Amino acid sequence: MASLRCLCLLLAAAAATSPGRLVPYDLLYADGVRAYFARDWGRAAELLQRALQSYAGLRAALRACRSACRREAAFLGPPGAGRWESALFGRVLQRADCLRHCLGLRLGAAPSAHRASLAVRRDFERREPYNYLQVAFFQLKKLDQAVSAAHTFFVANPQHLQMREDIEKYRRMSGVKSDSFRDLEATPHWEAYEAGVQHYNADEYPQAVSRLEESLAEALSALEECRALCEGPREEEEEEEEEMQAGLYEAIAAHYIQVLKCRQQCVLEIATKPGRISATEDFIPSHLDFLQFAYDQAGNQALAAECAASYLLFYPTDEPMLEKMKQYRRELGEDTAVTARESIQHYMQRSLMEKKLIYYAVEHLGETFNDPDLWTPDELIPENLKEKYREDQEKQKQETLDVEEKEKRGPLPFEGIAVTMDSQRMNGTQRVVFDRVLTESECKDLLRLTKAAAEAGDGYRARRSPHTPHERFEGLTVLKAMQLAQNGDVDWRDARLLLRASEKSRKIIESYFTPGKKLHFSFTHLVCRTAVDEEQEGRMDLSHPVHADNCLLDPEGQECWREPPAYVYRDYSGILYLNDDFQGGSLFFTEMDTVTVTAEVRPKCGRLVAFSSGKENPHGVWAVSRGRRCAIALWYTHSQEHAEQERVKAEELMEQRAVEQERPNGEEHQGSDHSGRSSSEPPIPTSGARPTSRSRKPGSDRTQHPKGLRARDEF
């Protein structure tokens, strides 16, 4: 009877706060979109706003009822011997009854009426209704609401080109206030987290503590809300086909494990900032890491010790943190009890219990699981799953990087260019191959330039054979090409084509990898390598040894040291090939060991291979065993101070030539191709301040470096 009385009180409370019948949000959304396309802007705005309110109301009802019914019909105490089934399922039935009544009162209709399709749910997750709303408000001349809707959508979709342009237009409009750019779906814990990290980076530790504590509390609250929403109907996989319908216990187990996996993934959801693809790594532990250091610097060793003890729940063997704990015990007194926070203990115990059940299902019931946490104890994972677990983690990390790279890509600025290999197909990151960048005719013109102008040596530092005595190396810089044209040794059109082809490559690489962020030329070099006929027998060396372009590669230490004599300012590299009538000479990428080949690119006319210049892309060139291999080697930097000065002089000579041609009886000047247009991407704030040492603030410089490392050559 006591239980029934509590249930009645619960239902009465739900009825008292019930907003009345909640119209299903998918129906409102569909009507709103129809009104939008009918250009009925007032009705579209009203229906879309009601759809958003209904969506928020449904989620609030689900969270509230599931939380209340979990307390009312809790699974407490060990079931009695011989009557476990009655004890367990009696509680299951009570909770189902509680949920049915609670949701019925809150929603005003059967919960099943509010089940929307997956496509509609994804639209709301991506904030798509705000995309329609901003146009409707703009047409209604409600500029403040239009700006807020546009900003809310753009926060979650920063790569949306049209909205980016709309935002820029709003910023230029008179009457638009800066505070109109507000996120109507702002996540409290992210606002507090970013403010806390800013204070932390500025050494403002009391303020950092306040905002980071706020962020942690809000994050744990958001986690609970996310977990409550996991208890919905079972989502059937589209390709799932069972020969026979699952029985009682199989069906219960499958649905329960689905709920557990959803709950585990909630930590990724709260750790992913709107508009980003990947989650902030170790989001909950990182709060404790920051707080430990900030409390220590603020002089509150008691709370610093509490945060350290809480962090050690995740990483119990972390040596720097263990050392800090010893220090805190000495400062506070050995008799002072230092315990982890109760909220963190609860979080850990519950998460470990769920992981244990999930891994049992993976091992015995054929389930799959991508563990979202880096701190999962190794002993929790069954032996026969550990190797697969590591492989899955690596695969998941690579997939995340691939998705992030795709999201960052800008539109190609020239028609007819094809992406024939991307990072995924090349088994790496920040790699791409473009075809049809040059025509056959343009390749022939540039090859004519190499034959007329190239001289023995690199054409830059007068080195005859920078890599191997088995090949003859010839090179030409852009300035040298212009000077030769000025002297009448080569055709001006061929020299100009060298400038235009390299600039076209720059625009393509900039648009693909760094839309909105300027790439400057670091060095441009037209190079040819010719096999020396009498020097090929028994040859074992490479045309160009494996190296990275902005760091010193240390294959034994699996590190690449970004320090001189490496060209540390280089950010992206490119090679524009001019021919393929030779043997060997393919570009290849390796792992950090310089031995394991991950991808190979065969040269051909008009093919441009581009990649980031760091340790993620060690590369070399197979030996040219017959014939002559020619290409334009390109390096780029974001740093304007390291921009290629020879190119500036070369362009001045070209402009001087153009002025001369525009004189009477002169040839009409043909300028560079400026048809490319790259979009502008707003900066995304990142913390970049994850502590790596607890005895001092992170970011200190390395003090030891390996000796005898390979410095990459200029070519």
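A disulfide is counted here wherever two cysteine sulfur atoms lie within 2.5 Å of each other. In general terms, a disulfide is a covalent bond between the sulfur atoms of two cysteines. Keep this in mind as you move through the structure, which is a predicted model.

**The whole chain**

Begin with everything shown as a cartoon, where you will find 20 helices and 15 strands. The protein has 715 residues, of which 47% count as buried. If you consider the contacts with a separation of 6 or more, residues 24 or more positions apart account for 75% of them. A search of the whole structure for disulfides finds seven, and the tour visits some of these next.

**First stop: C528 and C630**

Select C528 and C630, show their side chains, and you will see a disulfide with an S to S distance of 2.1 Å. The angle about the S-S bond is 115°, and the link of C528 and C630 is right-handed. Now colour strand β5 (residues 520–531), which holds C528, and strand β15 (residues 624–637), which holds C630, so that you can follow how the pair ties together parts that are 102 residues apart in sequence. Is this pair of C528 and C630 buried or exposed? Both cysteines are buried.

**Second stop: C226 and C266**

Next select C226 and C266, which are joined by a disulfide with an S to S distance of 2.0 Å. The link of C226 and C266 is left-handed, with -85° about the S-S bond. C226 belongs to helix α10 (residues 205–229) and C266 to helix α11 (residues 248–270), so this bond ties together parts that are 40 residues apart in sequence. As you turn the view, note that C226 and C266 are buried.

C230 sits in the loop between α10 and α11, while C262 is in helix α11, and the two are 32 residues apart, so that the pair links distant parts of the chain. Show the surface and look at each cysteine in turn: C230 counts as buried because its relative accessibility is 8%, which is under 20%, whereas C262 is partly exposed, with a relative accessible area of 33%.

Select helix α19 (residues 492–513) and helix α20 (residues 645–661), whose axes come within 11 Å and cross at roughly 130°. That angle makes α19 oblique to α20, and the crossing of the two helices is left-handed. To see where they meet, show W492, A495, R496, L499, S502 and E503 in α19 together with R647, A650, E651, L653, M654, R657 and Q661 in α20. Sorted by class, the contact of α19 with α20 has six nonpolar, two polar and five charged residues.

**Last stop: T514**

Finish by selecting T514, which is placed in the loop between α19 and β5. T514 is buried, with a relative accessible area of 9%. Which residues is T514 in contact with, leaving aside its neighbours within four places in sequence? Show I509, L519, Y572 and H638, and you will have these contacts of T514 on screen.

Technical notes: Residues are numbered from 1 along each chain as its sequence is written. This is a predicted model: local features need pLDDT of at least 70, side-chain atom pairs count only at pLDDT 80 or more; totals for chains, interfaces and linings use all residues. Side-chain values use heavy atoms; hydrogens and water are left out. Helices (H or I, at least four residues) and strands (E, at least two) are DSSP runs, numbered from the N terminus. Buried means under 20% relative accessible area, exposed over 50%, partly exposed in between (1.4 Å probe, protein chains only). Axes are lines fitted to C-alpha atoms, for helices over the stretch in contact, and angles run from 0 to 180 degrees between N-to-C directions. Angles under 35 degrees count as roughly parallel, over 145 as roughly antiparallel, 65 to 115 as roughly perpendicular and the rest as oblique. A crossing is left-handed if the near helix is turned anticlockwise from the far one by less than a right angle, and right-handed if clockwise. Contact means heavy atoms within 4.5 Å. Ala, Val, Leu, Ile, Met, Phe, Trp, Tyr, Cys and Pro count as nonpolar, Asp, Glu, Lys and Arg as charged, and the others, Gly among them, as polar.
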